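Please read this briefing beside the sequence and the coordinates. It covers helix packing, charged pairs and aromatic rings.

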Amino acid sequence: MKNKSDEELVKLIVQNHRPALEELYDRYINLIYSFSLKMTKGDTEKTKEIVQLVFLRLWTTKRTYSASQGKFANWILTITRNIAIDLIRKEHKHKGTVQLDHNEWEKIQGQQSEHVLQEVSNNLLKQQIQEAKHQLSEPQKRLINLLYWEGYSLSEIAQLEEKPLGTIKSRLNQTLKKLRNYFSEETGGVRHGK
């Protein structure tokens with residue numbers, strides 16, 4: 001297995017050749033682990049889960065890698081990045097759900113009307129933000145999530161997206177402009193060009 005190319009190993013993996021998977025594991029575990037550790041900001045449990053999912057996907061996928069598409073390391077890191085983003089999104093989605101027991105529910109019902117109005121106002125704002133996000137393209141939504149909700153810098157996002165920093169800055173500028181226009185229209189303000 002040692003003398004086989006990455007492309008040859010992937011073709012063998014598609015045919016369920018376990019030693020080929022073990023060889024790729026030996027070659028790329030350090031790269032995938034360190035990349036995943038960076039994506040999870042040092043969370044070793046999440047990192048292990050991502051690494052496991054990457055090799056599980058390699059084992060179960062019928063997609064093959066071709067050297068004409070670029071370096072294998074870039075291909076496997078793209079898979080790793082996508083899995084990490086999916087995992088992070090899944091966790092954020094579950095964090096948005098709040099389970100209340102009976103006592104907590106009664107406590108909320110007993111709150112002063114002022115608090116209820118504040119809660120309603122907050123919910124309306126959240127709803128407006130969600131509606132505004134529907135105006136964005138998928139790359140723009142991903143940029144906003146990574147920058148504002150997950151705390152990545154523009155340089156880190158450029159690296160993750162494999163785009164020049166200038167492209168990411170331009171995308172952010174266009175995204176914020178689009179959001180400003182949306183909120184301006186919603187609040188009856190002056191509309192700027194799209």
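The points below are grouped by topic, after a short note on conventions.

This is a predicted model, in which local features need pLDDT of at least 70 and side-chain atom pairs count only at pLDDT 80 or more, while totals for chains, interfaces and linings use all residues. Residues are numbered from 1 along each chain as its sequence is written, and side-chain values use heavy atoms, with hydrogens and water left out.

**Helix packing**

- Helix α2 (residues 18-39) packs with helix α3 (residues 44-60) at an angle of about 145 degrees, and their axes are 10 Å apart; the axes are lines fitted to C-alpha atoms, for helices over the stretch in contact, and angles run from 0 to 180 degrees between N-to-C directions.
- Helices (H or I, at least four residues) are taken as DSSP runs and numbered from the N terminus.
- The α2 and α3 crossing is right-handed, a term used if the near helix is turned clockwise from the far one by less than a right angle.
- On the α2 side the contact includes R18, L21, L24 and Y25, and on the α3 side it includes V54, F55, L58 and W59, where contact means heavy atoms within 4.5 Å.
- The residues of this contact divide into 13 nonpolar, three polar and two charged, with Ala, Val, Leu, Ile, Met, Phe, Trp, Tyr, Cys and Pro counted as nonpolar, Asp, Glu, Lys and Arg as charged, and the others, Gly among them, as polar.

**Salt bridges**

- The count comes to 10 salt bridges, each being a side-chain nitrogen of Lys or Arg within 4 Å of a carboxyl oxygen of Asp or Glu.
- One of them joins E23 to K2, with the closest N and O atoms 3.5 Å apart; because E23 lies in helix α2 and K2 in the segment before α1 (6-14), the pair ties together parts that are 21 residues apart in sequence.
- E23 is buried, with a relative accessible area of 8%, whereas K2 is exposed at 66%; buried means under 20% relative accessible area, exposed over 50%, and partly exposed in between (1.4 Å probe, protein chains only).
- R18 forms a salt bridge with E22, the closest N and O atoms being 3.2 Å apart, and these two residues of helix α2, being four residues apart, are separated by about one helical turn.
- R18 counts as exposed at 53% relative accessibility, while E22 counts as partly exposed at 41%.
- In the salt bridge between D43 and K46 the closest N and O atoms are 4.0 Å apart, and D43 is partly exposed at 27% relative accessibility, as is K46 at 22%.
- Salt bridges that share partners also join K2, D6, E23 and R27 into one network.

**Aromatic rings**

- A search of the whole structure finds five aromatic pairs, in which rings of Phe, Tyr and Trp (its six-membered ring) have centres within 6.5 Å, with planes under 30 degrees apart counting as stacked, over 60 as edge-to-face and the rest as tilted.
- The rings of Y28 and F72 have centres 4.9 Å apart and planes at 55 degrees, so this pair is tilted; Y28 lies in helix α2 and F72 in helix α4 (residues 72-95), so the pair ties together parts that are 44 residues apart in sequence.
- Both Y28 and F72 are buried.
- Y65 and W75 form a tilted pair, 5.5 Å centre to centre with 45 degrees between the planes, and this pair links Y65 in the loop between α3 and α4 with W75 in helix α4, 10 residues apart.
- Y65 counts as buried at 5% relative accessibility, and W75 counts as buried at 12%.
- Y28, Y65, F72 and W75 form one aromatic cluster.
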